[in-house]
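Work through the two exercises below with the structure in view. Each task is followed by a solution in steps.

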Amino acid sequence: YLLGIVLVALRYGRGPALLTSALSVAAFNFLFVPPRYTFAVAEGRYLVTFTGMFVIGLVISNLTARVRWQADMALAREQHSSALYSLTRALSRERDTAALARRAACHVADFFGCQAMVLLPRRRNDLSVASLSALRTAPELEQVSELSEQFPLDERERGIAEWVFMHNDVAGLGTAMQAQHPSLHVPLSSTEHCIGVLALRPSGQHQLSDPAQRNLLIAFCDQIGMALLRALWADEAQRTARRAEREELRNTLLSSVSHDLRTPLATIAGTASTLLQQEGRDESRMSKALRRELLEAIYEGAEHMNRLVINLLDMTRLEFGDIKLHKEWIPLSEVIGSSLNRLEKRLGQHSVAVNLPAELPLIPLDPVLAEQLLHNLIENAIKYTPPGTRIEISAAAAANMVTVAVADRGPGIPPDAEERVFEKFFHGPYRHGKGGVGLGLTICRGIVEAHGGQISATSRSGGGAVFCFTLPIEGEPPPMPPDGGLAESAAEETAPPGATPP
């Protein structure tokens, strides 16, 4: 009988176990206590037996029911802890605020079996109704996506969400505020203020009425609120880091500009002052050669300043991502020719050898940026190679790609500087020409990467350096002109005096 009471208490709980205790006493009396097969009791001592048996059954049933309740509670706590852990792990993988909100709505909808969405302010300090926007779940989550589509954000829903956002309190189904509304709105709070609102619409009115379910929902909201706060802090940290980086870049640029512009400004001011002093005097005292030399000094100083300003503007565009490509199908020889024409005076005693294959296809390039790219590479070779050395420009076509190389016979690149040469404000140790800010190669890398290519620098066997970049060929190019000698004629026309034709 006691074993039966234990089994019933384990399986069905306290009430059925109490009923089983009473039935066990009655069955014992009916079957074993004289007179048998009746409920009459002949001797009073059996009443003590009945009472003890009933009390023992009552105690066993209570203890067994308590053990069962504790086991159920432990299982529920384990499920809740597992759900919280799963939610925390999923939220920790997200960095973007919108993606984090979508992931949170997905987990809440899956665990509680209801429709869910997260509402966040569009602007951090704007608490108006218009500042709340529903973030739909990811397209690949069909179930949650359908639930979200069946959960429209109407004006009444927005009003409740705004009230929750402003007062940082729950509202909607089963609460003191709009208790008959089919949706429940819970604030996503941080230590300071409300960050967003979690809206849930269960399938039944009593689905979320269990206190344990409500407590778990509050724990979910606390985790989501902390994750959103972490994401907001991460965004703010990134913005602060970008501002600090821009400020550091601005200070470095100002320092470099003030240093590099001092010499050409002093040259321009000195030569202009000399010319002004001679103005109105007997100009025969100044020879034409000296006058021309002074004017050339002014021109060179102004050209140097112009190059610095162009590099600074290009670097600013690269830093802020303002480069917009206007690609055209153009031959590489045309870009090389334009770059060599611009550098004709700066080449001096350097010779240039251009080697382009006749079958080189047209390339989709931004003409202005491509010309600036080759201009910077050739100018870098002029600055870092002694006069009288040769600069070689070559190209080769591969599958959907063109590789261009600019090689020189200077001192080469130190082994530890092959990657650093493309960093901002980096200067090599063997400079022969006039220095710059140190942005030319950085701009080259930005232009090549904007075109979807790659650039590298290596030392050349026998001395010198090779700057090699690749440009992808996407799409179908237009037909080449019938003149098969385009590359050769272009190279001969654009090469400066002393340049070696292909």
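**Exercise 1.** In this predicted model, find which side chain makes a polar contact with the side chain of Arg 460, and describe where Arg 460 is placed.

Solution. 
1. The side chain of Glu 392 is the partner, and the polar contact with the side chain of Arg 460 has a distance of 2.8 Å.
2. Setting aside neighbours within four places in sequence, the residues in contact with Arg 460 are Glu 392, Ala 407, Asp 408, Arg 409, Ala 465 and Val 466.
3. Buried means under 20% relative accessible area. Arg 460 has 17% relative accessibility, and therefore counts as buried.

**Exercise 2.** Determine how many residues of strand β4 (residues 184-189) are buried, and identify the strands that pair with β4.

Solution. 
1. Six of the six residues of β4 are buried, so the strand is largely enclosed by the rest of the structure.
2. In a regular strand, side chains alternate between the two faces of the sheet.
3. In β4, Leu 184, Val 186 and Leu 188 point one way, while His 185, Pro 187 and Ser 189 point the other way. Residues of both sets are buried.
4. Strand β3 (residues 171-172) pairs with β4 in the antiparallel sense over two bridges. Gly 172 has Leu 184 of β4 as a bridge partner.
5. Strand β5 (residues 194-201) also pairs with β4 in the antiparallel sense, over six bridges. Opposite His 185 stands Ala 199 in β5.

Notes. Residues are numbered from 1 along each chain as its sequence is written. This is a predicted model: local features need pLDDT of at least 70, side-chain atom pairs count only at pLDDT 80 or more; totals for chains, interfaces and linings use all residues. Side-chain values use heavy atoms; hydrogens and water are left out. Helices (H or I, at least four residues) and strands (E, at least two) are DSSP runs, numbered from the N terminus. Buried means under 20% relative accessible area, exposed over 50%, partly exposed in between (1.4 Å probe, protein chains only). A polar contact is a pair of N or O atoms within 3.5 Å; within protein, one must be able to donate a hydrogen and the other to accept it, and residues adjacent in sequence count only if both atoms are side-chain atoms. Contact means heavy atoms within 4.5 Å. Two strands pair if DSSP finds at least two bridges between them.
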